[in-house]
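Thanks for coming, everyone. I have one structure to walk through today. Have a look first, then we start.

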Amino acid sequence: MKKDFETKVIGWAFIIAAILLWGGWFFSPHHLGEYLVASDFEAVNQNLWTWIWLYRIHIFGWVIMGIAMFALTSIATKKPYRVLIYPGTGMVIVGTFTLAIAAAFYYTFGAWGVGKTVGKSPEEVQGIMDGLQFINHYVTCFVRFGRVFSGVGLVILGAAFVKWNIVSKALGWLTIVMGIVTMGIIMGIPDHFEIYQPMFHVKVVWLVLMGSTLLTKGINLPDVEDKA
């Protein structure tokens, strides 16, 4: 088992990512849906700066998660398990930053819309909403594909965990199941934003479990012989 400064850094990165992701979401005074609606701007404006800073914290949680995955890759790339670690973490990273970009849209236009709609007539507000509809619809694709990409990566990463006992098998199987369920929800029920919400909380729990495992037990990087 490898348990040293490197695993401590990676473990804390996973835990900090979980805290920022979930804390930014939980303490936010208003949660946006899949599509921005006119009432969102009024709600955001009631606690504008609190909402802005908590959304920033949430977005940075995605960034720290990406950093944690990069760091995990840096130490877990021996032969032969790197053939699964590289694509697994790579797909999770792609999905994570796709979700961060999508979150940045909601953050930017949520705050921008307050200034654009305050004091406007209902007709003027509707004109603004009509202008946002196309780009909002486009960003929902970022949300869905970010989740699917992450799900694919988690399945591959979990397979590496289970096959070579890199972390506990229970955590490995949780990683696989989480990826499969995520892909199933998004591809099977693509237009219901709220149905995915429980999986967000599961991902946060997974980040905590990954972090605590690396901090307390380290990571198993066995020397496995290549078989021709």
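How far does helix 4 reach from its first C-alpha to its last, and what span is expected at 1.5 Å a residue? The reach is 51 Å, close to the expected 52 Å, for 36 residues. Keep in mind that this is a predicted model.

Now the overall picture. The protein has seven helices and zero strands. From the N terminus, the order reads α-α-α-α-α-α-α. The C-alpha trace spans about 70 × 35 × 25 Å along its principal axes. There are 228 residues, and 48% of them count as buried. Residues 24 or more positions apart account for 81% of them.

Next, the core. The largest nonpolar core holds 64 residues. Phe14, Ile166 and Trp206 have the most contacts inside it. Helix 3 gives the largest share, with twelve residues.

Let me zoom in on phenylalanine 14. Leave aside neighbours within four places in sequence. Phenylalanine 14 is then in contact with Ala68, Met69, Leu72, Trp206, Leu207, Met210, Gly211 and Leu214. So much for that one.

Histidine 58 is in helix 3. Is histidine 58 buried or exposed? Buried, because its relative accessible area is 11%, and the cut-off for buried is under 20%. Its contacts, not counting residues up to four places away in sequence, are Leu20, Leu21, Gly24, Trp25 and Phe200.

On to helix packing. Helix 5 covers residues 122-164, and helix 7 covers 193-216. The two pack at an angle of about 40°, with axes 13 Å apart. Helix 5 passes helix 7 in a left-handed crossing. Who makes the contact? From helix 5, Val143, Arg147, Ser150, Leu154, Leu157 and Phe161. From helix 7, Phe193, Tyr196, Lys203, Trp206 and Met210. By type, these contact residues split into eight nonpolar, one polar and two charged.

Helix 6 comes next. Helix 6 has 20 residues and reaches 28 Å, close to the 28 Å expected at 1.5 Å a residue. Its buried residues are Leu171, Gly172, Thr175, Ile176, Met178, Gly179, Thr182, Met183, Ile185 and Ile186. What covers them? Helix 5 and helix 7 are included in that cover.

Last topic: backbone geometry. Some background. Most residues other than glycine have a negative phi, and most peptide bonds are trans. Now the cases here. The peptide bond from lysine 79 to proline 80 is cis, with omega near -5°. Proline 80 sits in the loop between helix 3 and helix 4. Just after helix 4, glycine 119 takes a positive phi of about 80°.

Then asparagine 165. Not a glycine, yet asparagine 165 has a positive phi of about 55°. Where does asparagine 165 lie? In the loop between helix 5 and helix 6.

Over to you for discussion.

Notes. Residues are numbered from 1 along each chain as its sequence is written. This is a predicted model: local features need pLDDT of at least 70, side-chain atom pairs count only at pLDDT 80 or more; totals for chains, interfaces and linings use all residues. Side-chain values use heavy atoms; hydrogens and water are left out. Axes are lines fitted to C-alpha atoms, for helices over the stretch in contact, and angles run from 0 to 180 degrees between N-to-C directions. Helices (H or I, at least four residues) and strands (E, at least two) are DSSP runs, numbered from the N terminus. A crossing is left-handed if the near helix is turned anticlockwise from the far one by less than a right angle, and right-handed if clockwise. Contact means heavy atoms within 4.5 Å. Ala, Val, Leu, Ile, Met, Phe, Trp, Tyr, Cys and Pro count as nonpolar, Asp, Glu, Lys and Arg as charged, and the others, Gly among them, as polar. A nonpolar core is a set of buried Ala, Val, Leu, Ile, Met, Phe, Trp, Tyr and Cys residues joined through side-chain atoms within 4.5 Å. Buried means under 20% relative accessible area, exposed over 50%, partly exposed in between (1.4 Å probe, protein chains only). The expected span of a helix is 1.5 Å times one less than its number of residues.
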